[in-house]
Amino acid sequence: MSRPRRDPDLVRAYVMTGGAVRPSREMGLVTLLVAQDVPAQGLAPEQRRVLGVCSRHGALSVAEIAAHLDLPPSVVAILAAGLMDSGHLALPTPAADLPDVDVLKEVLRGLRQLV
């Protein structure tokens, strides 16, 4: 008499997130993420997959990353939050929030006067 097989995905999600059950920061399905130019050494395989998708496709939402990797969005949110905590992923800065070049030049001129 054989025992019923367990669904491998039940354990897999827990293992992929390192036992985490919630993201370390607030993150929705439409939260956009971009890869940063940081070495991927020491990352788990699933973290590398998330980082790789973001590196190849640019700014992606949590839902898009989940679709690309065929993973539950909740797992992607946990992995992405960890990657944000380590500096591998970041939120893109909207162009409207970037400071004006003239303001930056004025700040630089002021800083040089302090030296």
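Okay, let's start with a term: a patch is made of residues with over 30% relative accessible area and no salt bridge, where like charges are joined within 9 Å and nonpolar side chains (Val, Leu, Ile, Met, Phe, Trp, Tyr) within 5 Å. A salt bridge here is a side-chain nitrogen of Lys or Arg within 4 Å of a carboxyl oxygen of Asp or Glu. Accessible areas come from the Shrake-Rupley method with a 1.4 Å probe, and for residues, only the protein chains shown count as cover.

Before I use that, some housekeeping. This is a predicted model, so local features need pLDDT of at least 70 and side-chain atom pairs count only at pLDDT 80 or more, while totals for chains, interfaces and linings use all residues. Residues are numbered from 1 along each chain as its sequence is written, and side-chain values use heavy atoms, with hydrogens and water left out.

Now the overall picture. The protein has five helices and three strands, in the order α-β-α-β-α-α-β-α from the N terminus. Both kinds of element are DSSP runs numbered from the N terminus: helices are H or I with at least four residues, strands are E with at least two.

How do the strands pair? S1 (residues 32-35) runs antiparallel to S2 (residues 60-61), with two bridges joining them; pairing takes at least two bridges found by DSSP. Leu-32 sits opposite Ser-61 there. S1 also pairs with S3 (residues 89-90), again antiparallel and over two bridges, and Ala-35 has Leu-89 as its bridge partner.

Keep Ala-35 in mind. Its C-alpha atom is 8.9 Å from that of Arg-56, though 21 residues separate them along the chain. Arg-56 belongs to helix H2 (residues 45-57) and is exposed, at 61% relative accessible area. Exposed means over 50%, buried under 20%, and partly exposed in between (1.4 Å probe, protein chains only).

For buried residues, look at helix H4: among them are Val-75, Ile-78, Leu-79 and Met-84. How far apart are the end C-alpha atoms of H4? They are 18 Å apart, which agrees with the span that 13 residues (73-85) should have at 1.5 Å a residue; the expected span is 1.5 Å times one less than the number of residues. After H4 comes Gly-87, with a positive phi near 85°.

Back to our patch, then. Val-103, Val-107, Leu-111, Leu-114 and Val-115 make a nonpolar one of about 550 Å². Leu-114 is in helix H5 (residues 101-114) and is exposed, at 71%.
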